[in-house]
Amino acid sequence: MQNSYGLAKTEPGGSGCGANLPIHAEEKKLFMIGKIAKVTGSLILGGFVFITYEVLSLKKLLQIDTQAIHQEKLKSYVYIRTTSVNPSDYQGITYHARKEIHKAVRKILETEAKIFRRPFSEQFSTFDGEDHECALWLLLKRSQSEDKEVRLQAVQDLANNSHWHDYQYGTVAQTCDQRTAIGLARSKDIDLRFFLPPPPLPKIKNDYPIEDELRLLLVSLPQTGLDPCVQYFTSLALRESSQTLAAQRGGLWCFGGNGLPYCETLSKIPSETVELFCLQALVQHSKVSSHCDKIEAKGGLQLLQRIYQLRKDSAKIQRNIIRIIGNMALDERLHSSIVRAGWVSVLAEVMKSPHVIQSSHASRALANLDRDTVKEKYPDGVYVLHPQYRSSQPIRADILFVHGLLGAAFKTWRQQDIDRRLDKKASEGEEDYSQCWPKTWLASDCPALRIISVEYDTHLSDWKAKCPVEAHRKSIAYRSNELLDKLRAAGIGDRPLVWVSHSMGGLLVKKMLVDASKNPEMDKIVNNTRGIIFYSVPHHGSQLAEYSINARYLLFPSVEVKELSKDSPALKELNDDFLSFAKDKKFSVLSFAETLPTHIGSMIKLHVVPLESAKLGIGDLIPVDVNHLNICKPKKKDAFLYQRTLKFIQDVLAQEIGD
């Protein structure tokens, strides 16, 4: 029989086994399904919990722990995530399995980030902090990117931040690499908190003065095959302690005679003066690459750092030290040592100096250190006046300033000095006085120019010469070859070029162009020359050579003065050689001539370069009512001298710099 559910109904006394089979089979099947569901559900739920746990753990490990940062914001430390001291956290299979999973995942993610050239932190790490704190770490990561564009942009973005706390600047200072630190130092208006102070130096004994350390350093440098100037300055610096120090080396210093031929007793001269003599000797040594290696190996960078900090009141000592650093920076092998010795922070600070000489020395040193954005190198005596910082402004052309007799790279090109007694109105605006008008006025009017000024020693008399070198080395011909090599290293000739020269500097410019035209390696300098400006250049000689300030100048006129003799055959030959190819090259030429006499000393008034001598034979000649010294020093920015100079530069470089 069947019941109402369609199942067989068991009769009393009958066998129930066959009748009960369908009921037991269904129950068994349902039971098994339920059991499988329980096991599967447990596995799924357990797996989900494990995966969630692993993801959260990985997230926690990849997360920067900012708790310490938030608690210690006033301290300048770099914080990293601390590890647990609980031993139970480092036991069992789970810990080791998780550790290996984390290592594998991080490696995969970092590899992917490298393949796609994007910072790992940006895509795969989390940061439980404020947006600007996250940005700091991202920028630091990008600043070390292998992609140069990414790297440079990151440094620029770091430099542009001005809203961070002290601890954040300290974080950058302690975590950025050498390349980033140099880039920050060459960024305009940089916050000095981005840089670590120079490392502390070991204390020295009170009875062991600095000058003794300098002398020991000088004695340790090579003593043979030296340039005469190096010999002279070294012997001058070692005069008092020569016997004591030389005894440590097993003999006396001797440069052609018994003892030290150029020594003068300095027993009563202050230690600062002795240090200056020693530093002048080191400047000469630093021009020799192999000597720079010795200076670094003997701890010279640290010694110079100590002297720099002790002599903050002596601009001349500090300037000589930075000059040495700039020379050593020409060798890329020494860059790491220079950075480790703390010089980047010092140079960044000096870049902010209101004194153009100080800031330009620091600018040169940093440019030689910055191999990321500067391909040129600036040898001793070659200074970049603009741009002194990293800039997105492309450089279209070069302007090169060459001073004359007794001139210098900066003072020759200053604004005309103000006489307060005669010009009260001008003295009221003295705060706008330009220490170097090419750096201020010209750079402002023509920002697309690279403006360079060179420096070389000149003297009226051999009695006033700083070192006794051979006569031929002070000649225009020798200086031409020397400067050409330096200028090529600085990239002169790679862009359109305008020369600006004063007095004897104009003769040097002509000689360099004549020499370059005969040298295939220097041919680019001639071919890229667009124009030349001559300020009172004695193309046919100067009356200066026929006069003397006193008897010593009369008896011992310098080589430079002798070469300026009126109607000198050498000057005539130089002028003829220059004109012969200048006309062919169709150089644009602008000449200014003085019309007023110059006071030389208290006794002589001299028309240094007469109008007929300033006449080159090509280009425009403009007489100006000033004396020889002021012919290259405009009274103010709207003065005729400057405005005419500016117009000439803009005209000959119109194609490169536009309006």
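**Helix α15 and its surroundings**

Reply: Let's start with helix α15, residues 315-328: its 14 residues reach 20 Å from first C-alpha to last, close to the 20 Å expected at 1.5 Å a residue. (The expected span is 1.5 Å times one less than the number of residues; helices are DSSP runs of H or I with at least four residues, strands are E runs of at least two, and both are numbered from the N terminus.) Keep in mind that this is a predicted model, where local features need pLDDT of at least 70, side-chain atom pairs count only at pLDDT 80 or more, and totals for chains, interfaces and linings use all residues. Residues are numbered from 1 along each chain as its sequence is written, and side-chain values use heavy atoms, with hydrogens and water left out.

So how covered is α15? Mostly: ten of its 14 residues are buried, meaning under 20% relative accessible area with a 1.4 Å probe, protein chains only. Those buried residues are Ile317, Gln318, Asn320, Ile321, Ile322, Ile324, Ile325, Gly326, Asn327 and Met328. For the protein as a whole, 45% of the 659 residues count as buried.

What does the covering? It includes α12 (271-285), α13 (289-297), α14 (300-310), α16 (335-340), α17 (343-350) and α18 (356-369).

Two of those covering helices, α14 and α17, also pack on each other, at an angle of about 40° with their axes 11 Å apart. (Axes are lines fitted to C-alpha atoms, for helices over the stretch in contact, and angles run from 0 to 180 degrees between N-to-C directions.) α14 and α17 are therefore oblique to each other, the class left over once angles under 35 degrees are called roughly parallel, over 145 roughly antiparallel and 65 to 115 roughly perpendicular. The crossing of α14 past α17 is left-handed: the near helix is turned anticlockwise from the far one by less than a right angle.

On the α14 side, the contact (heavy atoms within 4.5 Å) uses Leu301, Leu304, Gln305, Tyr308 and Gln309, and α17 brings Trp343, Val346 and Val350. By class that makes six nonpolar, two polar and no charged residues. (Ala, Val, Leu, Ile, Met, Phe, Trp, Tyr, Cys and Pro count as nonpolar, Asp, Glu, Lys and Arg as charged, and the others, Gly among them, as polar.)

Zooming out, the protein has 29 helices and nine strands. Among contacts between residues at least 6 apart in sequence, 76% join residues at least 24 apart.

Notes. Buried means under 20% relative accessible area, exposed over 50%, partly exposed in between (1.4 Å probe, protein chains only).
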